[in-house]
Every structure is written in structure tokens, then in C-alpha cells.
Amino acid sequence: MTGPRDTGTGSPRTDPPRTGPLGTTRLIAADVLRTLHRYVWPPPLTQQPRNRAYLRDRMIALPLLTVVAAASFGWACAEVRADSTALRDSLTPALVSLADAEMSLRIADREAGQSLAAGDAVRLGGLSNRYRTRTARATQSLNQVARSGALTTAERQDLDVISGLVVDYGNWIAFAQSNVGDPALRDAGLSYARSMLCSAPATTAPTGRNRQPGGYPPCPHTTGSDATAVVDRIATLERSLRGRLADRAAPGARVLVAGFVAALAIGLLGCGLWRTQLFLHHRFRLRVSVPLLVAAAPLLAVPFLTTDAVLAQRAQQRVTDVADELSERTSPRIESTRDERPFGRPHPLLIDSLASRAQHELATGRLPALDGTAPWILPTGLLTAALTVTTLHTYRREYTLITRSGATA
């Protein structure tokens with residue numbers, strides 16, 4: 001057993017207590033937490049903090065909080081705005097064009113069947129003008145999907161296949177028209193054309209359960225290896241686009257984490273600036289620090305930017321519902337009302353009505369005055385951080401000079 005060591009000066013020296021690795025780690029962690037708490041949460045004036053130490057800590061903490069808050073908050077706002085832009089300019093228009101292509105082809109198919117049923121009369125007048133208009137519109141809609149930028153490389157290839165099938169569909173309808181005098185060849189051409197349009201083509205004149213309101217035969221979407229028809233391929237693209245749209249509309253984990261970090265940093269920054277102002281008022285006899293007040297001014301924009309992000313997020317969720325209606329609730333019967341009653345009251349489930357509704361939701365789901373402000377949040381934070389460092393360094397330097405001058409005197 002050993003006792004205190006004699007240092008030769010007449011006073012015993014006690015060895016420091018021995019700690020294991022776990023104890024050392026706890027001491028280091030406790031020291032780090034105390035330091036971090038000192039920086040992010042300034043001590044109240046009742047604890048009589050030293051002027052020089054207080055200003056040094058604030059000169060480190062406040063700029064760091066400013067940069068963290070600006071970076072996280074600016075990135076979150078930019079991501080939400082980017083999601084709204086993607087929905088407005090790419091994903092929603094692509095879904096609208098796909099739905100319009102499918103409905104136009106099915107309307108054209110019924111028009112072709114009715115025209116061919118007239119027999120030899122189609123030789124003179126040709127297929128109806130509505131058939132030609134709808135097939136041209138379907139081709140145009142598919143071209144718009146290709147230009148939307150919403151498809152991947154593999155999906156672009158699928159879209160090229162769909163466009164080729166639409167051309168072949170028109171060729172077989174033309175074959176049926178040229179052989180309209182031969183019922184067997186006419187029906188064979190029409191049936192083969194419809195097999196390219198739908199996996200389970202209906203008869204020329206559907207009856208009973210096969211008949212739907214408006215005279216449109218059923219054309220259910222098929223999945224898996226049997227999904228080779230035009231409508232099946234369009235439905236596959238719609239499901240893929242709707243999945244990406246739902247992913248962009250949902251608040252991602254990264255955005256939520258960035259929002260939480262921003263909220264925490266902004267709260268600590270606001271408290272730190274306020275208590276620093278009180279410190280300067282009581283210790284330095286300043287009524288208010290104008291530079292720090294200017295540095296705190298950008299915080300006034302936080303409620304408006306937050307409101308803008310919340311509005312955008314809600315609008316994105318509503319657009320998701322519109323996308324579901326585009327893929328599931330539109331029908332040739334509803335879409336044909338536009339041709340039959342062009343000046344009547346538009347049906348709420350018309351493709352154009354749903355497209356206008358989606359664009360309206362995204363247009364109203366933001367504060368227009370804040371357009372283009374998200375990229376400037378981080379530069380503004382860096383400028384205010386530099387202003388805070390300069391201001392506190394100036395106060396600390398003046399305090400040090402005064403103290404030294406007084407000590408010399």
C-alpha cells in the first residue's frame with residue numbers, strides 16, 4: 001500500500017484518481033456537452049458571466065447557428081419548391097397527356113367501328129372526321145409525353161413501342177376500310193386493330209354486360225406478361241409516373257430532418273441574439289446594437305417561408321389525388337361529352353378539367369412574392385454570420401482596449 005508521495009518541498013502530493021477507459025470517455029463526453037451547452041445556450045446575466053468570455057463564446061456560437069439554420073432551412077425550402085416545379089412542369093403534364101392519348105384512341109376506335117358498319121358508304125365519305133381528329137390528338141399527346149422529360153430511358157423505349165403500335169392500329173383500320181365490301185376481311189382487320197388497342201378486345205357491337213354507357217366496349221388494363229396492348233402499356237407508364245409523383249409529393253425524410261435542424265437552430269439563434277442584446281444593454285450600456293438588429297432581420301422572413309413551404313406541400317398532396325383521378329376515373333364516355341357539347345358546362349372529370357385543377361392547386365399552393373427566394377437563403381445567412389462576427393469582434397476589441405488602458409493608468 002502506497003501513500004502520498006513527498007515532492008521534496010515539505011508538502012505531500014496526492015496521485016490523481018485512476019479511471020478506466022469508460023470513465024475517461026464519460027469525462028470527455030461531459031466536458032464536450034458542457035462546452036456545447038455554453039456555446040448554444042448563453043448563460044443568464046444572473047450568473048455574472050465575464051464580458052470577454054461571453055463575447056468570445058457568442059462570436060463563435062451565433063455565426064455557426066446562423067450558417068446551420070440558413071443551410072438547412074434554405075435546402076428544405078428549395079427541395080419543396082423543386083418538387084412543386086417537377087409536378088407542375090413534368091409529371092402532371094405527362095400523366096394528362098397519357099390519359100388523353102388513351103381516351104382519344106378509345107373514342108377513335110368506336111368511331112371507326114361505327115363508320116365501318118355503314119358498309120359501302122365509307123368508301124365515299126371515308127372514316128368520320130372525329131376518328132381522324134382523335135387519332136391525330138392521340139399521336140400529339142404521345143409526343144408531348146416524350147417531350148415532358150418525365151420518363152426514364154426505359155420508359156422512353158416503351159413509349160416508342162406505343163407510338164409504333166398506334167401507327168399499326170391505324171394501318172389495320174385502313175385495311176378494314178379498303179376491304180369494307182368484304183365483311184370477313186373488314187371484321188378481321190377491325191378485330192386485329194382492336195387487339196392491338198386492348199388485350200381483351202370486344203365485339204364490334206357489344207351487348208349485355210359488354211355494353212357500357214355511351215357504347216364504349218370495356219378495355220380493362222392487363223398487367224404482367226400479357227400487358228402488350230396499347231392501353232396496357234399506357235397504364236404501366238401511368239403507374240410508374242404516379243409512383244414518382246407520390247414520392248415527390250410526400251415530405252421526404254431528408255426534408256423532415258433538415259426542417260427539424262433548421263427549427264432548432266433558428267430557435268437557438270433567436271434566443272442567442274436576444275440575450276446578447278440584453279447583455280450589451282446591461283454591460284456596455286447600449287440601448288440596442290444596430291448591427292445585430294440588422295443580422296436578426298432575416299429571421300422575420302422565416303414565418304413567410306415556412307407558410308410557403310406548407311402551402312406547397314398541401315398542394316402537392318392534392319395533386320396526387322388529381323393524378324389518381326386521371327388514371328382511374330376518366331372514361332371515354334365522359335371525355336366524349338367535350339365533343340358532343342363543346343359549349344356546355346364541362347364535366348369535372350374531363351381530362352382538361354382535371355389538368356386545370358392540378359395547375360390551379362400548384363399555382364395557389366405558394367406565396368408568389370417569395371418565388372426565387374430559396375436560393376438566396378444560404379448567401380443571406382453567410383452575410384449575416386459575417387456581420388455578427390465583425391460586430392462582436394469589434395465590441396470585444398474595444399472592451400479589451402479599454403481594460404488595458406485602465407490597467408495602465
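Me: What counts as a helix in this predicted model, and where is E111 found?

Reply: A helix is a DSSP run of H or I with at least four residues, numbered from the N terminus. The model is a predicted one. E111 is found in helix α2, which covers residues 51–117. In total, the protein has 13 helices and 2 strands.

Me: Why does E111 count as buried?

Reply: Buried means under 20% relative accessible area. E111 has a relative accessibility of 8%, so E111 counts as buried. Of the 409 residues of the protein, 39% count as buried.

Me: What makes the pairing of the side chains of E111 and R130 a polar contact?

Reply: A polar contact requires a pair of N or O atoms within 3.5 Å. The side chains of E111 and R130 make such a contact at 3.3 Å. Leaving aside residues up to four places away in sequence, E111 touches S128, R130 and Y131.

Me: Why are α7 and α10 called roughly antiparallel?

Reply: Angles over 145 degrees count as roughly antiparallel. Helix α7 (residues 230–249) packs with helix α10 (residues 302–328) at an angle of about 170°, and the two are therefore roughly antiparallel to each other. Their axes are 9 Å apart.

Me: Which residues make the contact between α7 and α10?

Reply: From α7, the contact is made by E238, R242, L245, R248 and A249. The residues of α10 include Q313, Q316, V319, A323 and E328. By class, this contact has 4 nonpolar, 5 polar and 5 charged residues.

Methods: Residues are numbered from 1 along each chain as its sequence is written. This is a predicted model: local features need pLDDT of at least 70, side-chain atom pairs count only at pLDDT 80 or more; totals for chains, interfaces and linings use all residues. Side-chain values use heavy atoms; hydrogens and water are left out. Axes are lines fitted to C-alpha atoms, for helices over the stretch in contact, and angles run from 0 to 180 degrees between N-to-C directions. Angles under 35 degrees count as roughly parallel, over 145 as roughly antiparallel, 65 to 115 as roughly perpendicular and the rest as oblique. Contact means heavy atoms within 4.5 Å. Ala, Val, Leu, Ile, Met, Phe, Trp, Tyr, Cys and Pro count as nonpolar, Asp, Glu, Lys and Arg as charged, and the others, Gly among them, as polar. Buried means under 20% relative accessible area, exposed over 50%, partly exposed in between (1.4 Å probe, protein chains only). A polar contact is a pair of N or O atoms within 3.5 Å; within protein, one must be able to donate a hydrogen and the other to accept it, and residues adjacent in sequence count only if both atoms are side-chain atoms.
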